[in-house]
Protein chains: 2
Amino acid sequence: MINIVVKLDEKNLSSPEQIGETAKRLIEEKKFGRNVVAVVPPTSLLNGSVEKIVHSLSDSPAEKELDVIHSTNALVASSLLSIAIQKRGFRSQSLAGWQVGIKTTRKTSGYARIEDVNGDVIIERFKKGEIVIVAGGQGVDEENNITLLGEGGADTTAVAIGKSIGAERVEIYAELDGVYTGDPNVVQHARKLKDITYDEMLELSYLGSKIVHPRAVELAKKFEMPLVVRSSTKNVRGTVIKGEIEMEKNLIVRGVAYETDIIRFTVGYETLEKSSLANLFNTLAKHHVNVDIIVQSVMEEVKPTISFSIAKEDLANAVKVLEDHKEELGFQFADFEVGLAKVSIVGSGMVSNPGVAAKMFARLCKENIPVKMVSTSEIKVSVVVPQDDMIRAANALHDEFGLAEELA
Amino acid sequence: MINIVVKLDEKNLSSPEQIGETAKRLIEEKKFGRNVVAVVPPTSLLNGSVEKIVHSLSDSPAEKELDVIHSTNALVASSLLSIAIQKRGFRSQSLAGWQVGIKTTRKTSGYARIEDVNGDVIIERFKKGEIVIVAGGQGVDEENNITLLGEGGADTTAVAIGKSIGAERVEIYAELDGVYTGDPNVVQHARKLKDITYDEMLELSYLGSKIVHPRAVELAKKFEMPLVVRSSTKNVRGTVIKGEIEMEKNLIVRGVAYETDIIRFTVGYETLEKSSLANLFNTLAKHHVNVDIIVQSVMEEVKPTISFSIAKEDLANAVKVLEDHKEELGFQFADFEVGLAKVSIVGSGMVSNPGVAAKMFARLCKENIPVKMVSTSEIKVSVVVPQDDMIRAANALHDEFGLAEELA
């Protein structure tokens, strides 16, 4: 019998009806002769009243206690799913993160990370014929404090569990039924991909394609664990994410991604001597401002500037950090531009195909879309453009690189 | 610093306001220089919506899954209380049963029982200056399944924790502000006792006085752990439950208890040879019918009968068991009487004071209250009377044994 892990979508637990449907689907997998672990994300089914009480008690409740409260959410949802499976005559058991031995780092700032998973607990359950339901996104640190894994935590849990039980694959149930060459809501001719490499998926994840969390893709890559992105509601073939894919002819670019609400900061210095990339970005990092693209401009007869992009939610913090450290950072002025978006093309083939970026710029130029910033890696090119031009840019690039065409 | 355990009442967590008040009270204990663990019972604050979903999923959800769901209730309440304490500037941490190493038996039928508690976890928290909040009534079995301890589980948790941390005492916050000589709602002149022995409290607990669960009193007796019953809302002196109390002059009887909704079964046999107490009560026990008082009547020229009392909730089951096993049990007829209640007098002094039962019967006779069944132990006498006479009987006995009088 092969083992598979299914990471459920929030949709799968959004109502008693959906829970019933999800139970049926997991039972189908079991009937097919597979050992199934389902990993449950926190669900909004159960929120609301407790949050209200929390906020009536304190305006700054400790994160540790909030983690305890929030961890019960996925746990209750897991139990509900288990009950729905049992109702249909199959064995099942829900398990909290700590029960599957999910050991995490301590939470310092931000979120905990998985250090270890004890697959034996699940294997034992398989031997009893059970469909195992695990509350995702949670574990315990070395002091047995309950910890939350934060955004993408359930995806990461699924991959870590997959590794620990030697799963053949980890399926990620998603709103979309696979990974597309572009967001179908935005890119007219977007096409579902049969497969994609971890690296390509990582770039797409980081670039704003919300299907699988990058932490989970990174972990899957490390463990060489195939991921399959599938529809949370329809039983159709999805997209396989794996290490190497068969070369698809001429397909240098595999997908177009975008991210809205980008902010560009520009910091100007009197002289080159006064500017220090290291100082600036160390200071920002120390204060948890997440910087994406960085562009340094040094031209003769023009005063040197450093531009960098950040996400909207970091704006207030970034402004404060720059104000507080103006003196020591030695800059003359700082301003920022809002209303920007990032559009990216991704593809492993780029590394051996020069001229992709040039082709991209040419098309954007033809479309009269101004490029504010550029960032490249071996397998992607990102540009920052006015947000109003974002959809047009994504469609134009999708067209330019022939992504709509089905391959032989 | 001395360690104390406080077992909270459901009332203490019934609203954000109550949670705030409870936080303040625990902080007062801490300020007084005590290390405090509060044990939280499940609270109705959080019920409702999840139950509804469960029942829409299955009409017979597995107990194991219900335990998982219900265990989150006390856990969330613990977190809320911890948040309220922190809000007031004190350190606190909520802990689930498994985090305090509460190991229980496996649940076969009914409820799990505590086998071990790891006090070190709490001692470590004390060293950090924390007020520790433990979700009561829950633990894990040897397979790490979450188990519920059932009725009185939070009381029992409090005593077991008290033992594990060498607590000076375990305080039980209750609706009443102590143990009374009779239920103040029913017995007009009921008086609060300064102290009471474990054995007396056990009889009172079993006899329907709902303040402390008998399992907890038994455990406290075993560990010689003083219990203090105190008001959940007012900071007044309560009643101490301990091994030996100073003799109170002439006070043979210490309290009157009652229990409503008693049912008396009578099973009649053709001949004495056919009747078998062992068969009858083994069969009932095997089918989880809880029998209280048993009376066997063997008189010449009258056919032999066995009478026994059960609680109302066991009636349907008892009828079924008797019907199903009529043949093998060999009885001729069985009938039952409803509308009965049990009234009891309790006191350690009885053992050395003969005639207490006689005095009781005489008074009931004088009051024209018919006695349907009698049961005695070394420290109590119980009678089954018509439920309509119950309150009158309790008051008469309270008066008869001089319980209203304050002692020098």
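Predicted model: local features only at pLDDT ≥ 70, side-chain atom pairs only at ≥ 80, totals over all residues.

Biologist: Why is Tyr180(A) called buried?

Modeller: Buried means under 20% relative accessible area. Tyr180(A) has 19% relative accessibility, so the residue counts as buried. Beyond its neighbours within four places in sequence, Tyr180(A) contacts Ala190(A), Arg191(A), Lys192(A) and Leu193(A).

Biologist: What does the UniProt record say about Tyr180(A)?

Modeller: An unreviewed UniProt entry covers Tyr180(A) with the annotation "binding site". The unreviewed entry also has the annotation "domain: Aspartokinase ACT", covering residues 278-324 and 343-401 of chain A. Over residues 343-401 of chain A, the chain is 37% helix and 27% strand, with the end C-alpha atoms 14 Å apart.

Biologist: Now to charges. What makes Glu171(A) and Arg230(A) a salt bridge?

Modeller: The cut-off is a side-chain nitrogen of Lys or Arg within 4 Å of a carboxyl oxygen of Asp or Glu. For Glu171(A) and Arg230(A) the closest N and O atoms are 2.9 Å apart, and the pair forms a salt bridge. This pair links distant parts of the chain: Glu171(A) is in strand 9 of chain A and Arg230(A) in strand 11 (residues 227-231) of chain A, 59 residues apart. Both Glu171(A) and Arg230(A) are buried.

Biologist: And what does the bridge between Asp199(A) and Lys221(A) tie together?

Modeller: The closest N and O atoms of Asp199(A) and Lys221(A) are 2.7 Å apart, and these two form a salt bridge. Asp199(A) lies in helix 6 (residues 198-206) of chain A and Lys221(A) in helix 7 (residues 214-223) of chain A, so the pair ties together parts that are 22 residues apart in sequence.

Biologist: Why is Asp199(A) called partly exposed?

Modeller: Partly exposed runs between the 20% limit for buried and the 50% limit for exposed. Asp199(A) has 32% relative accessibility and therefore counts as partly exposed. Lys221(A), at 38%, also counts as partly exposed.

Biologist: How do you know that Asp261(A) and Lys312(A) form a salt bridge?

Modeller: The limit is within 4 Å, and the closest N and O atoms of Asp261(A) and Lys312(A) are 4.0 Å apart, with the pair counted as a salt bridge. Asp261(A) is in strand 13 (residues 255-268) of chain A, while Lys312(A) is in the loop between strand 15 (305-311) and helix 9 (315-324) of chain A, 51 residues apart. Asp261(A) is partly exposed, with a relative accessible area of 32%, and Lys312(A) counts as partly exposed at 49%.

Biologist: Which residues do salt bridges with shared partners join into one network?

Modeller: The network joins Glu29(A), Arg34(A), Glu168(A), Arg169(A), Glu171(A) and Arg230(A). Over all chains, the structure holds 63 salt bridges.

Biologist: Over to chain B. What makes strand 3 and strand 10 of chain B edge strands?

Modeller: In chain B, eight strands form an open sheet in the order 3-6-2-1-9-11-12-10, with mixed pairing. Strand 3 (92-95) and strand 10 (195-197) of chain B each pair on one side only, and these are the edge strands. Neighbouring strands of this sheet are turned by 20 degrees against each other on average, direction ignored.

Biologist: How do you know that strand 1 and strand 9 of chain B pair?

Modeller: Pairing takes at least two bridges. Strand 1 (residues 2-7) and strand 9 (residues 169-174) of chain B have four bridges, in the parallel sense. In strand 9 of chain B, Glu171(B) is the bridge partner of Val6(B). Helix 6 of chain B packs on the sheet, touching strand 10 and strand 12 (239-242) of chain B, and its direction makes about 85 degrees with that of strand 10 of chain B.

Biologist: Last one: is Ile211(B) buried or exposed?

Modeller: The relative accessible area of Ile211(B) is 15%, under the 20% limit, so Ile211(B) is buried. Ile211(B) is found in the loop between helix 6 (198-206) and helix 7 (214-223) of chain B. Among its contacts beyond four places in sequence are Asp155(B), Ile172(B), Leu176(B) and Val229(B).

Note on methods
Residues numbered from 1 in each chain as written. Chains lettered and ligands numbered in written order. Heavy atoms only, no water. Helix = DSSP H or I, 4+ residues; strand = E, 2+ residues; numbered from the N terminus. Buried < 20%, exposed > 50% of the residue type's maximum accessible area, 1.4 Å probe, protein only. Contact = heavy atoms within 4.5 Å. Axes fitted to C-alpha atoms, helices over the stretch in contact; angles between N-to-C directions. UniProt positions renumbered as here; feature names shortened; annotations may be inferred.
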